[in-house]
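Student: I would like to learn how to read helix packing, sheets and a ligand shell. Where do we start?

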Amino acid sequence: GTALLDVRDLRVEFRTRDGVAKAVNGVSYRVAPGQTLAVLGESGSGKSVTAQAVMGILDSPPGRVTGGEVVFQGRDLLTLRKDERRRVRGAKMAMIFQDALSALNPVLSVGAQLGEMFQVHEGMSRKDARGRAVELMERVGIPAARERVGDYPHQFSGGMRQRIMIAMALALGPDLIIADEPTTALDVTVQAQVMDLLAELQRELTMGLILITHDLGVVADVADTIAVMYAGRIVETAPVHQLYRAPAHPYTRGLLDSVPRLDQKGRRLYAIKGMPPSLTAIPPGCPFHPRCPLAQDICRTDPPPLYEAGPGRASACHFWKETLHGAR
Ligand code: SF4
Ligand code: MG
């Protein structure tokens with residue numbers, strides 16, 4: 001179907017003291033309307049930087065988009081003027097961050113912050129905007145919203161604050177939401193509640209959702225497809241259940257094997273050995289080869305392309321077939 005967002009061969013570089021860091025190195029992904037794409041990877045894999053480049057909020061300098069396209073609703077956002085870009089970002093795309101406390105203004109009540117969106121973008125009166133703020137707070141499940149609309153961010157629990165962030169993101173009826181580790185700072189029970197809320201709203205409002213996480217367990221129930229990132233590249237994409245059942249990349253397999261499962265108590269956890277590479281010194285060939293239990297000579301010299309590994313599936317591994325069929 002038609003993509004809501006079509007990211008093509010995106011490249012982002014950072015200038016660092018150690019040289020140029022290739023934070024995003026040819027990333028392509030698509031999100032259809034009403035679909036959820038989970039982007040999974042360790043910290044430094046490029047998943048957040050990709051999202052920031054899509055949103056147009058990359059710190060620049062030192063970060064710079066050096067190639068690719070970000071086609072949103074048919075237009076390449078990278079070619080838009082700054083003010084046009086800002087308009088798209090305000091009305092059609094919204095982002096939710098891990099740390100709601102620092103993303104919200106500490107000296108403004110949540111009602112004032114929510115209301116401000118309607119005043120600024122929709123020209124509403126202060127009174128009407130406040131009414132909409134209360135409605136939104138109710139919609140994201142904040143108890144006694146009418147009484148709490150004048151409270152400040154620090155007066156809410158972490159979970160409630162994250163609901164307020166979701167309300168801010170929803171305020172202008174976006175077509176795409178990017179949530180970067182939206183539940184990482186919360187305890188497990190609250191994580192599930194916030195994730196359920198996001199998934200419910202996304203279905204109800206038929207938005208596209210990109211869910212960025214380092215935690216496979218968080219996305220299993222809510223994502224349609226997964227893109228796994230490593231060292232600034234996508235190493236595997238697949239429909240979520242296929243990826244869980246049979247990963248086609250050794251890195252994904254390692255991630256799956258290191259997720260503790262409730263049904264397998266006491267099972268020894270496998271952790272991927274070693275560390276992700278520095279982005280200023282990405283290994284030649286397959287960037288995962290120093291850590292890969294399947295690495296062969298070719299892996300040290302030839303970068304694997306994204307091989308088609310079945311319908312809707314791709315893997316950047318020379319040995320994706322062996323991986324898919326469980327040989328190790
Ligand atoms: Fe491992 Fe080689 Fe596949 Fe890279 S290409 S993941 S090193 S087997
Ligand atoms: Mg991050």
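Student: At what angle do helix α4 and helix α7 pack?
Tutor: Axes are lines fitted to C-alpha atoms, for helices over the stretch in contact, and angles run from 0 to 180 degrees between N-to-C directions. Helices (H or I, at least four residues) and strands (E, at least two) are DSSP runs, numbered from the N terminus. Here α4 (residues 110-122) and α7 (residues 158-170) pack at about 15 degrees, their axes 9 Å apart. α4 is therefore roughly parallel to α7, a word for angles under 35 degrees, while over 145 is roughly antiparallel, 65 to 115 roughly perpendicular and the rest oblique.
This is a predicted model, in which local features need pLDDT of at least 70 and side-chain atom pairs count only at pLDDT 80 or more, whereas totals for chains, interfaces and linings use all residues. Residues are numbered from 1 along each chain as its sequence is written, and chains are lettered from A and ligands numbered from 1 in the order in which they are written.

Student: Which residues of α4 and α7 make the contact?
Tutor: Residues are in contact if their C-beta atoms, placed from the backbone, lie within 7 Å. From α4 come V110, Q113, L114 and M117, and from α7 come I164, A167 and M168. Ala, Val, Leu, Ile, Met, Phe, Trp, Tyr, Cys and Pro count as nonpolar, Asp, Glu, Lys and Arg as charged, and the others, Gly among them, as polar. On that scheme this contact has 6 nonpolar, 1 polar and no charged residues.

Student: How does α7 pack with helix α8?
Tutor: The angle between α7 and α8 (residues 188-205) is about 15 degrees, with the axes 10 Å apart, so these two are also roughly parallel to each other. In α7, G158, G159, Q162, R163, I166 and L170 meet V190, Q193, V194, L197, L198 and L201 of α8. By class, the contact of α7 with α8 has 7 nonpolar, 4 polar and 1 charged.

Student: What is the strand order in the open sheet of 4 strands?
Tutor: Two strands pair if DSSP finds at least two bridges between them. The order is β2-β1-β4-β5, and the pairing is antiparallel. β2 (19-31) and β5 (75-76) are the edge strands, each pairing on one side only. β1 (residues 5-16) pairs with β2 over 10 bridges, and a hairpin through 2 residues joins them. V7 has Y29 of β2 as its bridge partner. Between β1 and β4 there are 8 bridges, with R11 opposite G67. β4 (residues 63-72) is joined to β5 by 2 bridges, and V71 stands opposite D76 there.

Student: Which strands stand at the edges of the sheet of 8 strands?
Tutor: That open sheet has mixed pairing and runs β6-β7-β8-β3-β9-β10-β12-β11. β6 (93-96) and β11 (307-308) have a single partner strand each, so one side of each lacks a neighbour in the sheet. Inside it, β3 (residues 36-40) and β9 (residues 225-230) run parallel, joined by 4 bridges; L40 is the bridge partner of V228. Helix α1 (residues 47-55) packs on this sheet, touching β3, β6, β7 (176-180), β8 (208-213) and β9, and its direction makes about 150 degrees with that of β7.

Student: Which residues come nearest to ligand 1?
Tutor: A residue is near a molecule or strand if its C-beta atom, placed from the backbone, lies within 6 Å of it. There are 13 residues around ligand 1, and C286, H289, C292, C299 and C317 come nearest. The shell divides into 10 nonpolar, 3 polar and no charged residues.

Key: Two residues are in contact if their C-beta atoms, placed from the backbone, lie within 7 Å.
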